[in-house]
Amino acid sequence: MNHECEIERQEDGEMSTALHLTINEYQRMINDDAFAAVRDRRIELIRGELREMSPPGPNHSEAVSWLTEWSVLTPPKSRVKVRIQDPIELPELDSQPQPDVVWAKPRRYSDHHPRVDEIFLVIEVADSNLNGDLGEKAELYAAGGIQDYWVVNISGQSVEVHRKPVGGTYAEHTTHQFGERIAPLAFPAVLLDITALFAPLPGGEG
């Protein structure tokens, strides 16, 4: 089968597939190099469809860099594996999204990407795609059973925390802003200082 011919570009700029794909089919396409023609574009599998991700802007990249350093330096190193813009697996939803930051159990993920029972925290940084991260992505992660989902809202300079997944929604959604600190459910002693996250760099712009 010529996998490349299954990929089409929609008028709204998103990429989708003519066929509904499972994670196993998607992985076989990756192994067969079916995405060679679109290797310069960021793609994720959402509910069986290929979706093209928006290129990150400077504010998005800076926030991810800050969160990467915080994630590596603050939690107990023996208990957390930090993954940056790498996939997770939600097999029952035919989805393999690529969150900006994931805290996972410390093991080698050479045979599969982290799954729900191996994930402590998922963070998405939202710049141009805030509605998507608070809408479709939140519904996806809730349906998949992700217990702790954060959205870093660049324009609002806040962090939206989603917890207690019930079906396709989160029963608990709180917004945290300057002056507040928040901690992952699994590591209540590890604090993220929201003021520090959004503070301007010394001698430069934020």
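User: Is Ala-183 buried or exposed?
Analyst: Ala-183 is buried, with a relative accessible area of 17%; buried means under 20%, exposed over 50% and partly exposed in between, with a 1.4 Å probe and protein chains only. This is a predicted model, where local features need pLDDT of at least 70, side-chain atom pairs count only at pLDDT 80 or more, and totals for chains, interfaces and linings use all residues. Residues are numbered from 1 along each chain as its sequence is written, and side-chain values use heavy atoms, with hydrogens and water left out.

User: Thanks! Where is Ala-183 found?
Analyst: In the loop between strand E11 (181-182) and strand E12 (192-193). Strands (E, at least two residues) and helices (H or I, at least four) are DSSP runs, numbered from the N terminus.

User: And which residues is Ala-183 in contact with?
Analyst: Beyond its neighbours within four places in sequence, Ala-183 is in contact with Trp-150, Arg-163, Pro-188, Val-190 and Leu-191. Contact means heavy atoms within 4.5 Å.

User: Switching to helix H1: which of its residues are buried?
Analyst: In H1 (residues 23-31), they are Ile-23, Tyr-26 and Met-29. These lie on the same side of H1, because they cover an arc of only 120 degrees around the axis, taken from the directions from the helix axis to the C-beta atoms.

User: What do those buried residues pack against?
Analyst: Strand E3 (43-46) and strand E4 (49-52). The face turned away from the buried side carries exposed Asn-24 and Asn-31.

User: Last one: how many helices and strands are in the chain?
Analyst: Five helices and 12 strands.
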